[in-house]
Amino acid sequence: MAEESASPLAVHRVADDPLVVWALASFHTAALTAVLVGAIYLSGALGDLLSGLDTLLGLGLYLGLWATTWWTTRRAFAAIGAAGRDGPVSRSVVLGTAGKWAGVDGVLFLWVLVGVFAASTVSVESVDLRGVFYFLAIAGVASLLAFVVGAIVGLLFAALDLAAFRVAGSLVADAERERREPAGTSEPGETPEPDEASEPDETV
């Protein structure tokens with residue numbers, strides 16, 4: 001098994017870094033929004049959607065998605081950090097944790113949408129017991145679907161994040177190796193010995 005020092009930017013080491021959590025949450029929110037808008041544009045329905053969408057409502061939904069994504073990203077990193085207290089965590093632990101909390105993110109954002117829809121279309125006088133049961137049943141099924149969709153999207157983003165962490169870790173390892181080895185210590189044409197700290201491993 002590779003030593004812990006093999007990954008200078010190991011995921012479990014940045015669990016308490018709010019800047020990393022903020023950056024990843026913002027990236028995931030913006031990327032997901034761009035993909036959804038692109039898909040709607042390709043379907044030809046973007047014009048009708050934008051004409052019927054209030055600017056403040058759209059901004060509120062975006063901020064709602066960012067808030068749920070930030071919170072679930074924070075919880076995912078906290079879980080990964082706890083799993084990595086005794087050493088590097090495996091890729092399967094990272095992906096499983098990311099998928100779980102991304103599923104929760106999908107459910108939370110669904111309930112944000114449901115809350116906005118209910119507040120804007122349902123009046124208190126029109127609510128009856130049968131309608132409440134129907135609403136809860138549909139919302140329960142929709143929550144399960146939202147969890148599955150969120151988990152799948154989260155796994156894709158987690159794979160992309162792991163690739164970015166690996167690239168960043170390699171760049172940091174190269175910079176540290178160059179800093180430890182003063183210029184001119186190697187003979188011309190001589191290939192430096194590979195640093196064990198930069199060897200790829202199955203932990204992240």
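**Helix packing and aromatic pairs**

Analyst: V94 lies in helix α4. The model is a predicted one.

User: Is V94 buried or exposed?
Analyst: The relative accessibility of V94 is 4%. Buried means under 20% relative accessible area. V94 therefore counts as buried.

User: How far apart in space are V94 and I80?
Analyst: In sequence, 14 residues separate V94 and I80. Taken from C-alpha to C-alpha, their distance in space is 6.4 Å.

User: Is α1 parallel, perpendicular or oblique to α3?
Analyst: Helix α1 covers residues 18-43 and helix α3 residues 55-83; their axes are 8 Å apart and the packing angle is about 135°. Angles over 145 degrees would count as roughly antiparallel, and 65 to 115 as roughly perpendicular. The angle between these two helices therefore makes α1 oblique to α3.

User: What is the handedness of the crossing of α1 and α3?
Analyst: The two helices pack with their axes 8 Å apart. Where α1 passes α3, the crossing is right-handed.

User: How do the residues of the contact of α1 with α3 divide into nonpolar, polar and charged?
Analyst: On the α1 side the contact includes V20, W22, L24 and H28. On the α3 side, Y62, W66, R74 and F77 are among the residues involved. The division is twelve nonpolar, six polar and one charged.

User: How many aromatic pairs does a search of the whole structure find?
Analyst: Rings of Phe, Tyr and Trp pair if their centres lie within 6.5 Å. The search of the whole structure gives four.

User: What kind of pair do the rings of F27 and F157 form?
Analyst: F27 lies in helix α1 and F157 in helix α5 (residues 129-180), so the pair ties together parts 130 residues apart in sequence. The ring centres are 6.0 Å apart. Planes over 60 degrees apart count as edge-to-face. With the planes of F27 and F157 at 75°, the pair is therefore edge-to-face.

User: Which class of accessibility does F157 fall in?
Analyst: F27 has a relative accessible area of 37%, so F27 is partly exposed. The value for F157 is 15% relative accessibility. Because the limit is under 20%, F157 counts as buried.

User: At what angle are the planes of the rings of W111 and F135?
Analyst: W111 is in helix α4 (residues 91-121) and F135 in helix α5, 24 residues apart. W111 is partly exposed at 38%, and F135 counts as partly exposed at 37%. Their ring centres are 6.4 Å apart, and the pair is edge-to-face because the planes are at 80°.

Methods: Residues numbered from 1 in each chain as written. Predicted model: local features only at pLDDT ≥ 70, side-chain atom pairs only at ≥ 80, totals over all residues. Heavy atoms only, no water. Axes fitted to C-alpha atoms, helices over the stretch in contact; angles between N-to-C directions. Helix = DSSP H or I, 4+ residues; strand = E, 2+ residues; numbered from the N terminus. Parallel < 35°, antiparallel > 145°, perpendicular 65-115°, else oblique. Left-handed = near helix turned anticlockwise from the far one by under 90°. Contact = heavy atoms within 4.5 Å. Nonpolar A, V, L, I, M, F, W, Y, C, P; charged D, E, K, R; others polar. Phe/Tyr/Trp six-rings, centres within 6.5 Å; stacked < 30°, edge-to-face > 60°. Buried < 20%, exposed > 50% of the residue type's maximum accessible area, 1.4 Å probe, protein only.
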